[in-house]
Amino acid sequence: MNLTDTADLWWKHAVLYCADVQTFVDSDGDGCGDLTGMAERVDYLADLGITCLWLMPFYPTADRDDGYDITDFYGVDPRAGTPGHMVELVHLARSRGIRVIVDFVMNHTSDQHPWFKESRKSTDNPYRDWYVWRSSTPPDTSDQVVFPDQEDSIWELDERTGEYYLHNFYKTQPDLNIANPAVRDEIARTMGYWLQMGVSGFRVDAVPFLFAEDTLPESERKFPAYDPHEYLRSLRRFVSRRGGNVMLLGEVNLPYPEQKLFFGGTDADQLTTQFDFVGMQATYLSLARHDARPLAKALRSRPRLSDESQWASFMRNHDELTLDKLTDDERQEVFDAFGPEPQMQLFDRGLRRRLPTMLGGDMRRIRMAYSLMFSLPGTPVLFYGEEIGMGENLDIPGRLAVRSPMQWDPSGGFSQAPERQQVRPMTSGPWGPERINVADQRGDVDSLWRFVSRLIQRYRQSPEIGWSQVEVLRGTPRSVLAHVCRKDEWRMVALHNFSGEPVEISVPVPDLPDECSFVDLLTPGSPRRIEPGPKGVLETTIDGYGFLWLRVCSAQDTRVA
């Protein structure tokens with residue numbers, strides 16, 4: 001594989017790190033994280049091995065949904081800094097080999113956005129049709145609400161004009177009318193602005209909602225129907241003209257067949273990358289059962305993609321751990337295993353916990369889970385604090401429980417402000433900074449931070465992971481997932497044991513070259529070799545919750561460092 005020919009597809013082999021500016025580092029002591037603090041930690045990210053920084057919303061906000069209720073798509077929240085600080089961060093990151101992508105939230109605005117303030121003034125206001133309004137009484141939509149503990153409908157009556165506006169999320173977040181060409185032009189204009197500011201792409205929020213056909217009666221439709229996929233193609237063409245190799249990372253939590261449509265099929269002309277929600281949820285079911293088969297089944301059904309498209313692998317993100325693609329019984333299994341208390345659950349469909357607490361601090365299982373994430377074909381995405389094993393703070397309401405401040409040193413290190421003035425309380429107790437922090441772990445060769453850094457290093461040295469299709473091997477014990485990553489002459493076999501008991505493996509690996517051996521990529525020290533048995537059978541033993549990355553090499557070639 002000639003990687004120089006594919007350098008423009010940088011997202012195929014990137015390592016992403018999602019950070020919340022307001023909870024990462026407070027540089028000026030006001031209790032809120034800022035872009036200057038983020039810039040001060042760019043060298044930290046580079047040392048860890050990160051190649052792409054994804055920033056959660058830092059825009060001006062009404063602060064009703066942790067920044068996702070935006071009042072100005074072209075601005076920077078004054079608490080975070082200025083546009084100049086943003087440009088400095090982007091350029092500093094690029095100088096360390098790190099690209100920056102930003103959250104792109106254009107499904108809705110805050111109800112305090114100037115556009116909506118104008119829109120609700122009267123039915124003939126020039127901004128009226130920037131949002132979705134209806135005069136007729138809407139039907140019961142309680143089964144469509146995203147936040148059933150907060151809302152009972154996706155339509156809200158506005159007393160001033162007596163009409164209803166659409167809000168797929170909170171009533172304080174009215175949906176933009178994407179059917180309106182003026183709104184679509186504004187979306188492109190916003191993307192063009194941030195590309196000009198130096199970002200390398202966008203994490204596109206709530207894609208199915210952004211491009212869904214609005215449920216208006218035919219008599220109240222003011223614009224002709226549009227094809228959402230054609231619109232995505234036009235956005236892809238636009239950002240490619242403006243920024244060249246731009247990443248469009250989509251949040252598309254749909255079944256695989258529907259999800260694949262947002263890549264653009266064989267033309268790969270829509271989203272470049274999408275989170276694998278189906279595979280992630282199956283992973284937690286496998287963890288709960290100590291059985292690799294649910295994940296193996298999901299991966300076998302994962303659609304094949306063109307070389308220009310990519311899956312994003314993740315264990316946790318900034319929202320609740322959604323389990324909506326599991327059956328009711330399967331979801332209850334995961335609840336029972338990892339979130340049995342009601343305060344750990346959210347909306348009866350997800351968990352508001354981080355991975356280490358769900359696994360009870362068992363470092364064997366934690367390391368196995370992250371080894372799995374980095375070994376699956378795709379682009380790995382870390383959520384801030386995962387590299388040190390941070391826990392959640394269940395005293396923080398809702399989804400924000402997993403967005404507590406970053407733990408830099410035993411005293412916290414996030415801010416010099418008094419605790420009562422900080423944007424969010426630090427996690428305390430056994431998961432607090434006294435026991436879990438960056439400073440201690442960077443100095444400990446056996447720490448989780450060191451392990452994650454090693455995984456990143458090996459991932460970046462293994463192009464077959466980012467460039468292959470998933471290929472699950474058969475013939476393993478029920479607790480073991482075995483998969484092959486292959487691209488041209490590069491090939492790696494990964495084994496992960498979901499059980500706490502050691503198991504013996506004897507699994508055929510197809511299409512092995514003559515006179516080859518398996519070279520262990522993760523064990524420190526001199527690379528360990530395993531010779532294949534007759535007919536290309538891989539025979540070895542895996543410890544309880546153990547894992548192996550085995551590169552297929554010739555007798556003379558190790559290709560490890």
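Rings of Phe, Tyr and Trp, the last represented by its six-membered ring, are taken to pair if their centres lie within 6.5 Å. By this rule, the count in the predicted model comes to 35 aromatic pairs. In one of them, formed by Phe147 and Tyr170, the ring centres are 4.1 Å apart and the planes stand at 10°, so the pair is stacked, the cut-off for stacking being an angle under 30 degrees. The two residues are 23 positions apart and the pair links distant parts of the chain: Phe147 lies in the loop between strand 4 (133–134) and strand 5 (155–158), whereas Tyr170 lies in the loop between strand 6 (163–166) and helix 5. Both Phe147 and Tyr170 are buried. Elsewhere among the aromatic residues, one cluster is formed by Tyr17, Phe24, Tyr44, Phe383, Tyr384, Trp408 and Trp449.

Helix 5, which spans residues 181–196, packs with helix 7, residues 228–243, at an angle of about 30°, and the axes of the two helices are 10 Å apart. Because angles under 35 degrees count as roughly parallel, helix 5 is described as roughly parallel to helix 7. The crossing in which helix 5 passes helix 7 is right-handed. To this contact helix 5 contributes Arg184, Ile187, Ala188, Met191, Gly192 and Leu195, while helix 7 contributes Tyr231, Leu235, Phe238, Val239, Arg242 and Gly243.

Notes: Residues are numbered from 1 along each chain as its sequence is written. This is a predicted model: local features need pLDDT of at least 70, side-chain atom pairs count only at pLDDT 80 or more; totals for chains, interfaces and linings use all residues. Side-chain values use heavy atoms; hydrogens and water are left out. Axes are lines fitted to C-alpha atoms, for helices over the stretch in contact, and angles run from 0 to 180 degrees between N-to-C directions. Helices (H or I, at least four residues) and strands (E, at least two) are DSSP runs, numbered from the N terminus. Angles under 35 degrees count as roughly parallel, over 145 as roughly antiparallel, 65 to 115 as roughly perpendicular and the rest as oblique. A crossing is left-handed if the near helix is turned anticlockwise from the far one by less than a right angle, and right-handed if clockwise. Contact means heavy atoms within 4.5 Å. Rings of Phe, Tyr and Trp (its six-membered ring) pair if their centres lie within 6.5 Å; planes under 30 degrees apart count as stacked, over 60 as edge-to-face and the rest as tilted. Buried means under 20% relative accessible area, exposed over 50%, partly exposed in between (1.4 Å probe, protein chains only).
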